[in-house]
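Here is a short briefing to read alongside the model. Please keep the structure open and follow the pairs as they come up.

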Amino acid sequence: MKKILSIISVLAICSMAVFGQNTKNAKEILDNVSKKTKSYSTINLSYSLVHTSPDGKNDKATGTMQMKGNKYQLSLFDNVLYCDGKTLWTHMIEEKEVVVSNVDNDDSGLLNPAKVLTMYEKGFKNKFIQDRFEGSRAVYIIDLYPEDVANSEYSKVRLYIDKDKSQLWKAEYFAKDGNKYTITINTFKVNEQLADSLFTFDKAKNPGVKVIDER
């Protein structure tokens, strides 16, 4: 479960990765991404994730995320997170369990994608690396370094920003324990109609699931 939550936190950062304080070029690029992202009423994306362990083995997964204000639904492996802004449901499908908890609005934890924009406006140094083509895609490459390395899980985050769309395309997370997480956004749709029911767990549609209420 700890590994699952760690990877989910990576995706949360990736989905709305807008950071930067020190390097002018990087800050201007990330500010543009931030401004554009904040203008969307909803975001609906699909992604792929590759986890590379220190011994070189790869684990691959795909998932989706829908966001609407401070509400979100996030799928990863056999887990689905539902958040309506007040309550968080973590549905572990294989275990047939769902953990219910309150959303802590004062918490700066990484499991709330809706808070990433404000969480990471501070705490990182950045460096503009280069602009280049990845296949037919023109990208900016920006590295982020945590200011408090001792208390950070990651030593570096490398962002690939689509120059034409001013949108995050890929992120590489380098953990201090030698693990690497690469997340690539495959589809990115905005301003669609998303029903509020997407962001709550429906027990009636999931019979036999044990509810663990930690509120």
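There are 11 salt bridges in this predicted structure, a salt bridge being a side-chain nitrogen of Lys or Arg within 4 Å of a carboxyl oxygen of Asp or Glu. Side chains of opposite charge can pair when their charged atoms come close. Being a predicted model, it is read with limits: local features need pLDDT of at least 70, side-chain atom pairs count only at pLDDT 80 or more, and totals for chains, interfaces and linings use all residues. Residues are numbered from 1 along each chain as its sequence is written, and side-chain values use heavy atoms, with hydrogens and water left out.

**Salt bridges**

- Lys163 pairs with Asp131, and their closest N and O atoms are 3.5 Å apart. Strands here (E, at least two residues), like helices (H or I, at least four), are DSSP runs numbered from the N terminus.
- Both partners are partly exposed: Lys163 has a relative accessible area of 31%, and Asp131 has 42%. For these classes, buried means under 20% relative accessible area, exposed means over 50%, and partly exposed lies in between (1.4 Å probe, protein chains only).
- Glu134 forms a salt bridge with Arg132, where the closest N and O atoms are 2.6 Å apart. Glu134 is partly exposed at 23% relative accessibility, and Arg132 is partly exposed at 31%.
- Asp143 and Lys156 form another salt bridge, with 3.9 Å between the closest N and O atoms. Asp143 is in strand S8 (residues 137-146) and Lys156 in strand S9, so to speak distant parts of the chain, 13 residues apart. Asp143 counts as buried, at 2% relative accessibility.

**Aromatic pairs**

- The structure has 5 aromatic pairs. Rings of Phe, Tyr and Trp (its six-membered ring) pair if their centres lie within 6.5 Å; planes under 30 degrees apart count as stacked, over 60 as edge-to-face and the rest as tilted.
- Tyr82 and Phe201 make an edge-to-face pair, because their ring centres are 5.9 Å apart and their planes stand at 70°. This pair links Tyr82 in strand S4 (residues 79-83) to Phe201 in the loop between strand S11 (180-190) and strand S12 (210-213), 119 residues apart. Tyr82 and Phe201 are both buried.

**Charges over rings**

- The charged end of Lys156 sits over the ring of Phe174, 4.8 Å from its centre. The criterion is NZ of Lys or CZ of Arg within 6 Å of the ring centre and within 35 degrees of the ring normal.
- Lys170, in strand S10, lies over the face of Tyr160 at 4.5 Å from the ring centre. Lys170 is buried, with a relative accessible area of 13%.
- Beyond four places in sequence, Lys170 touches several residues, including Glu134, Arg158 and Thr182; contact means heavy atoms within 4.5 Å. The C-alpha atoms of Lys170 and Leu159 are 6.1 Å apart.

**Confidence**

- The protein chain averages a pLDDT of 82, and 80% of the residues score at least 70; pLDDT is the predictor's confidence in each residue, from 0 to 100.
- Residues 15-23 have pLDDT below 50, and the model gives this stretch 39 contacts beyond near neighbours in sequence.
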